[in-house]
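Let's take a walk through this structure together, starting with its open spaces and moving on to a few details of the fold. Keep the 3D view open as you read.

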Amino acid sequence: MRLRSLFFRGVFSLLGLLIVLAGLAYWSDPWFWGRYATSLNSLDPSAVDWRQPQEPVPGGDRGLAEAPPEEISAPALRAAIDYAEGMDSFAFLVHHRGVLVHEQYWQGHGPASRFDTNSLHKGVLSMVLGLAIADGYIASLDDPVGDYIQQWADDARGEITLRELATMRSGLRVEAFSPSPLSKGMRLVLGSQVDELTLALPLANEPGREFQYLNFNAQALGIAVSRALDQPYADYLSERLWRPLGAPDAALWLDRDGGSPRLFCCLLTSARAWIQVGRLLLDEGRIDGEQILPNGWTAQMTRPSAANPNFGLQLWLGSPPDGQRPYNRESSLVATHGEPYLAPDVVFLDGAGGQRLYVVPSEELVILRIGKTQLEWDDAVIPNALLRGISAAR
């Protein structure tokens, strides 16, 4: 009896300890645990209302001219649509030679639907960086980040340049992303202290030498840009880019009430808004003849990095030589390119799970796909189908 009593007492004590530890963990970041309990929503780009709280980014309504796809062969367009549909897409849009030639939605979505396209925001962050330099808030792309992030001013991380952050060559420690609640990558996506988490990341290698795609690089860049401005990032984004662009309203996903935006991802907006973003990359920062981005900035964005010829300033370039595009040394995920692009000047924004904005300046072509997470997405299929269709229609 005594042994049994001791056993049950030990079990109850252990359970009590676990309950206390669970309570402490929860109250250390209730935002994180609430989101983690429903984290499958984070894999659904259409679960925009789940991503709370939000900060509005007012836009405009420039509109898009529409016309039938006369310069893309019907079989080629059909092949692209079939691939998008087979990959459980929500939205598929094609803009060619100044007009929207195809717009299709599935699963109840439409032009007014908003989505979280994950890392497509990185390309917009790069545009905001260019505007902040042009407006004098930032002196140079090669400024040390310590000029803008006080916490790093007196250590080696302060010598990382804005260019090195933007080209994923910071030397910051690569944190593996995993479903574990202990994963710093998971904490960055779902937690309520994204800036604190980012600024605590140590330096692991000499900056500038090695490409490692890392959400923390983009978040650190966003923190630096935000602190350089004289107004909140959302207000500046609206005033200097989103309204002039005429893009439909957007929102940023904050880490907590009154907290910081996730700047490596999570610009919540419509499919048509992304077509407007693509048009800036298509025409050297202009839209409908109006210069929105600083002269020469898109050339900066699309200049290959010293450490990765397939990466510029927060966006991807061209075809990887072996058909596989790795992200970082700690990730087993690779993006597949089943064949090289049929145009040498393809640039694109890559959002996790097959969210893609492809831009082909030589063919005045912008392509957007938004949909369910697809780890088997092939980056060559849709752009090459349409490029073949353009050639066939000539």
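## The largest pocket

The largest pocket holds about 1200 Å³ of space. It is lined by 44 residues, and those closest to its centre are Phe177, Asn215, Leu333, Ala352 and Gly353. Please keep in mind throughout that this is a predicted model.

Which elements give two or more residues to this lining? They are helix H6 (184-190), helix H8 (215-228), strand E11 (334-336) and strand E12 (347-351). Helix H6 supplies the largest share, with 4 residues. Sorted by class, the lining of the largest pocket has 22 nonpolar, 16 polar and 6 charged residues.

## The second largest pocket

The second largest pocket has about 160 Å³ of space. Its lining is made of 15 residues, with Asn308, Asn310, Gln324, Arg325 and Pro326 closest to the centre. Strand E10 (residues 324-326) gives the largest share of this lining, 3 residues. By class, the lining of the second largest pocket comprises 7 nonpolar, 5 polar and 3 charged residues.

## Enclosed cavities

How many cavities of 30 Å³ or more does the structure hold? There are 2. The largest cavity has a volume of about 70 Å³. Among the residues that line it are Met168, Arg169, Ser170, Gly171, Leu172 and Val174, as well as Asn205, Glu210 and Arg329. The lining of the largest cavity counts 4 nonpolar, 5 polar and 3 charged residues.

The second largest cavity comes to about 40 Å³. Its lining consists of Ser119, Lys122, Gly123, Tyr213, Phe311, Gln314, Leu315, Trp316, Leu349 and Asp350. In the second largest cavity the lining residues split into 5 nonpolar, 3 polar and 2 charged.

## An antiparallel sheet

Next, have a look at an open sheet of 4 strands, in the order E1-E5-E6-E4, where the pairing is antiparallel. Strand E1 (54-57) and strand E4 (115-116) are the edge strands, each pairing on one side only. As a reminder, strands of a sheet pair through backbone hydrogen bonds, either parallel or antiparallel.

Strand E5 (residues 250-253) and strand E6 (residues 267-269) are antiparallel partners, joined over 2 bridges. To find your way along this pair, look for Ala251, which stands opposite Leu268 in E6.

## The disulfide

Which cysteines form a disulfide? They are Cys265 and Cys266, with sulfur atoms 2.0 Å apart. The cut-off for calling a disulfide is a pair of cysteine sulfur atoms within 2.5 Å, and by this rule the count is 1.

The link between Cys265 and Cys266 is left-handed, with -70° about the S-S bond. Both Cys265 and Cys266 are buried.

## A closer look at Ile81

Ile81 sits in helix H3 (residues 74-86). Is Ile81 buried or exposed? With a relative accessible area of 5%, Ile81 is buried, because buried means under 20%.

Leaving aside residues up to four places away in sequence, Ile81 touches Phe92, His102, Gln104 and Trp106. One of these, Gln104, is 23 residues from Ile81 along the chain, and the C-alpha atoms of the two are 8.6 Å apart.

How values were computed: Residues are numbered from 1 along each chain as its sequence is written. This is a predicted model: local features need pLDDT of at least 70, side-chain atom pairs count only at pLDDT 80 or more; totals for chains, interfaces and linings use all residues. Side-chain values use heavy atoms; hydrogens and water are left out. Buried means under 20% relative accessible area, exposed over 50%, partly exposed in between (1.4 Å probe, protein chains only). Two strands pair if DSSP finds at least two bridges between them. Contact means heavy atoms within 4.5 Å. On a 1 Å grid over the protein atoms alone, a cavity is a set of points where a 1.4 Å probe fits but cannot get out, and a pocket is an open set with protein on both sides within 12 Å along at least five of seven lines; lining residues have an atom within 4 Å of a point. Grid points are joined across faces, edges and corners, and a volume is the space filled by probe spheres set on the points. Ala, Val, Leu, Ile, Met, Phe, Trp, Tyr, Cys and Pro count as nonpolar, Asp, Glu, Lys and Arg as charged, and the others, Gly among them, as polar.
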